[in-house]
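Here's a quick tour of one protein chain, with the sequence and model to hand. We'll go element by element and then look at what sits inside.

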Amino acid sequence: MDNAFTKLPVAVLSLNPAVDITYEIPQLIADQKVHALKSRYDPGGNGINVGRGLKRLGVPACTFCIVAGEIGRFLCHQLDAQLGQVSYLEVDGETRINGTILESVTGAQFEVSGVGPAVSTTQWQLLLNRFVTHCGDGLGIITGSLQRSLPTDLYAEAVRRVRAAGGRALIDSHDELLRNAIDAQPFLIKPNRFELEALVGRSLMDEQDIVREARRLQERGVTWVCISLGSEGALLVTSSSVLKGEAPPVPVASTVGAGDSMVAGMAALLAQGASAEDALREGIACSAATVMQPGTELFDKNTVDQLREKVRVRSLSL
Ligand SMILES: Nc1ncnc2c1ncn2[C@@H]1O[C@H](COP(=O)(O)OP(=O)(O)OP(=O)(O)O)[C@@H](O)[C@H]1O
Ligand SMILES: [Mg+2]
């Protein structure tokens, strides 16, 4: 059921979704065939994960994605079942397949990302038009990587278009895509520590150092900078405060999808007009609940409800 408190429209852009295959095996050994103990298929890609997360939180978001070929058809079946509203644009080629291997003996996790279909300028602009129209004065969520053939300033254009329509853009990406998107002044970015270090071109020593760089990004026009810190939680730097949310201690099954769950949780609360503190708390609760799940499985809503009260958010005077 849709969340009665959600006020703003929410649109999610997913230009390169995937079918994720997860194999659970004892151990990978070179030149030897190994039989999976379990295998599963899930819809994948960062935007898709955010869309799935929003649906679990009862947010009526629409996810805009590109699908191709028979694998794309398989993905559509999965998305129809697992997402709320979806808008598909079909192109030639095949939707990519991503592989995850989980080794039970070592606990190691291997991930291979597949190659997506070619997308023309006309095609991605058509999808972007639909995305911006749905977003209106709401939230436009733009995450993940793009097919290499697409321009690295595509997310920057998406941010500009969202802002021109009166909306707020949320970016969770990296490298050139993130760098260019920042120039277009998004409302929120959510780099992890390493993505922020790559962005600023140096190692960051401590929280003070991280906050210093976040403030520099704000001077360039980003309103909120959220830096996720894995098991240490996250920092959220707004114009008026620096908040630190501690991640609750949880048993870790797989960290896949933690970042996407954090974005979904924060967006869900932003769409309700909640405070920065509550948005950060929700993001941390959702992501902690996701790390408790195996493979690419996302959080369980009941677990989020239990964890929320355990997330400590405090204001730092940095
Ligand atoms: N071991 C953990 N225990 C509890 N919460 C965790 C743990 N690892 C991650 N999280 C939660 O997930 C959030 C996002 O994790 P992280 O900083 O690793 O993001 P990320 O690198 O962007 O993730 P992803 O690989 O999914 O993109 C953290 O801020 C934290 O709230
Ligand atoms: Mg991430």
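Let's start with a run of paired strands. Strand β12 (residues 234–237) runs antiparallel to β13, and four bridges join them. Bear in mind that this is a predicted model. The β12–β13 pair forms a hairpin, with four residues between the two strands.

## Helix α1

Now for helix α1 (residues 46–56). Eight of its eleven residues are buried, so α1 is largely enclosed by the rest of the structure. The buried ones are G47, I48, N49, V50, G51, R52, G53 and L54.

What does the covering? The elements over those buried residues include strands β1 (10–14), β3 (38–44), β4 (62–68) and β8 (139–143), along with helices α2 (69–82) and α8. Just after α1 comes G58, which takes a positive phi of about 80 degrees.

## Helices α8 and α9

α8 turns up again here, packed against another helix. Helix α8 (residues 258–271) and helix α9 (residues 276–291) meet at an angle of about 145 degrees, their axes 7 Å apart. The crossing of α8 past α9 is right-handed.

On the α8 side, the contact is made by A258, S261, M262, G265, M266 and L269. α9 brings D278, A279, L280, E282, G283, I284, C286, S287, T290 and V291. By type, the residues of this contact split into nine nonpolar, five polar and two charged.

## The nonpolar cores

The largest nonpolar core has 48 residues, and L15, F131 and I142 are the ones that touch the most other members. Take I142: setting aside neighbours within four places in sequence, I142 is in contact with L13, F131, Y155, A158, V159, A169, L170, I171 and D172.

There's a second, separate core of 42 residues, and A234, V263, A267 and V291 are among them.

Conventions: Residues are numbered from 1 along each chain as its sequence is written. Chains are lettered from A and ligands numbered from 1 in the order in which they are written. This is a predicted model: local features need pLDDT of at least 70, side-chain atom pairs count only at pLDDT 80 or more; totals for chains, interfaces and linings use all residues. Side-chain values use heavy atoms; hydrogens and water are left out. Axes are lines fitted to C-alpha atoms, for helices over the stretch in contact, and angles run from 0 to 180 degrees between N-to-C directions. A crossing is left-handed if the near helix is turned anticlockwise from the far one by less than a right angle, and right-handed if clockwise. Contact means heavy atoms within 4.5 Å. Ala, Val, Leu, Ile, Met, Phe, Trp, Tyr, Cys and Pro count as nonpolar, Asp, Glu, Lys and Arg as charged, and the others, Gly among them, as polar. Buried means under 20% relative accessible area, exposed over 50%, partly exposed in between (1.4 Å probe, protein chains only). Two strands pair if DSSP finds at least two bridges between them. A nonpolar core is a set of buried Ala, Val, Leu, Ile, Met, Phe, Trp, Tyr and Cys residues joined through side-chain atoms within 4.5 Å.
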